[in-house]
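Hi,

Here is the structure I promised to pass on. Have a look at it first, and then read on for what I found in it.

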Amino acid sequence: MRHVTAAAAKDAAVGESLGVAHASLRAGLAATAARLDEPGAIRPGLTVPEATDVFWYFLGNGFYFTLADDCRWPLERPASFLIDRGAG
């Protein structure tokens, strides 16, 4: 995904594909947030759009890139980190 993200800035077709992928993921995260909000499983005071943003932050590419690439965590560790905290 690092390569796709880098290529997106230079190639319109790649950029469009990345935009579609991100929009699809965000739509799924928004649906998840809405579903969790129904029984009151989202922290009080946090709106569904804000919960969607939090999910995007932790489940989007940036989180993974930071831990795996910048911090040099082994490839499986970011996923384990999230699972251990009940996010996966």
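Predicted model: local features only at pLDDT ≥ 70, side-chain atom pairs only at ≥ 80, totals over all residues.

**Overall layout**

The chain has five helices and zero strands, so in order from the N terminus the elements read α-α-α-α-α. Along the principal axes, the C-alpha atoms fill a box of roughly 45 × 30 × 15 Å. The chain has 88 residues, and 17% of them count as buried. Looking at contacts with a separation of 6 or more, 35% of them are between residues 24 or more positions apart.

**Helix H2**

Helix H2 covers residues 12–37, which is 26 residues.

**Salt bridges**

Searching the whole structure turns up three salt bridges. Side chains of opposite charge can pair when their charged atoms come close.

Back to arginine 2, then. Its side chain meets that of aspartate 69 in a salt bridge, at 2.5 Å from N to O. Arginine 2 belongs to helix H1 and aspartate 69 to helix H4, so this pair ties together parts that are 67 residues apart in sequence. Aspartate 69 is partly exposed, with a relative accessible area of 33%.

Arginine 2 also forms a salt bridge with aspartate 70, where the closest N and O atoms are 3.3 Å apart. This pair, too, links distant parts of the chain, with aspartate 70 in helix H4 and arginine 2 in helix H1, 68 residues apart. Aspartate 70 counts as exposed, at 53% relative accessibility. Put together, Arg2, Asp69 and Asp70 are linked in a network of salt bridges.

Elsewhere, arginine 26 pairs with aspartate 53 in a salt bridge whose closest N and O atoms are 2.7 Å apart. Because arginine 26 lies in helix H2 and aspartate 53 in helix H3, the pair ties together parts that are 27 residues apart in sequence. Arginine 26 counts as partly exposed at 28% relative accessibility, and aspartate 53 counts as partly exposed at 40%.

**Aromatic residues**

The count of aromatic pairs comes to four. In one of them, the ring centres of phenylalanine 58 and phenylalanine 63 are 5.5 Å apart and the planes are at 65 degrees, so the pair is edge-to-face. Phenylalanine 58 is partly exposed, with a relative accessible area of 32%, whereas phenylalanine 63 is buried, at 11%.

Phenylalanine 63 also pairs with phenylalanine 81, and this pair is tilted, with 6.1 Å from centre to centre and 35 degrees between the planes. Phenylalanine 63 is in helix H4 (residues 61–70) and phenylalanine 81 in helix H5 (residues 77–84), so the pair ties together parts that are 18 residues apart in sequence. Phenylalanine 81 is partly exposed, with a relative accessible area of 25%.

Which residues form the aromatic cluster? Tyr57, Phe58, Phe63, Trp73 and Phe81 form one cluster. One of its members also has a charge over its ring: the charged end of arginine 77 sits over the ring of tryptophan 73, 3.9 Å from the ring centre.

If you open the model, you could begin with the salt-bridge network of Arg2, Asp69 and Asp70 and then turn to the aromatic cluster that includes Phe63.

Best wishes

Definitions and conventions
Residues numbered from 1 in each chain as written. Heavy atoms only, no water. Helix = DSSP H or I, 4+ residues; strand = E, 2+ residues; numbered from the N terminus. Expected span 1.5 Å × (residues − 1). Phe/Tyr/Trp six-rings, centres within 6.5 Å; stacked < 30°, edge-to-face > 60°. Buried < 20%, exposed > 50% of the residue type's maximum accessible area, 1.4 Å probe, protein only. Lys NZ or Arg CZ within 6 Å of the ring centre and 35° of its normal. Salt bridge = Lys/Arg side-chain N within 4 Å of Asp/Glu carboxyl O. Contact = heavy atoms within 4.5 Å.
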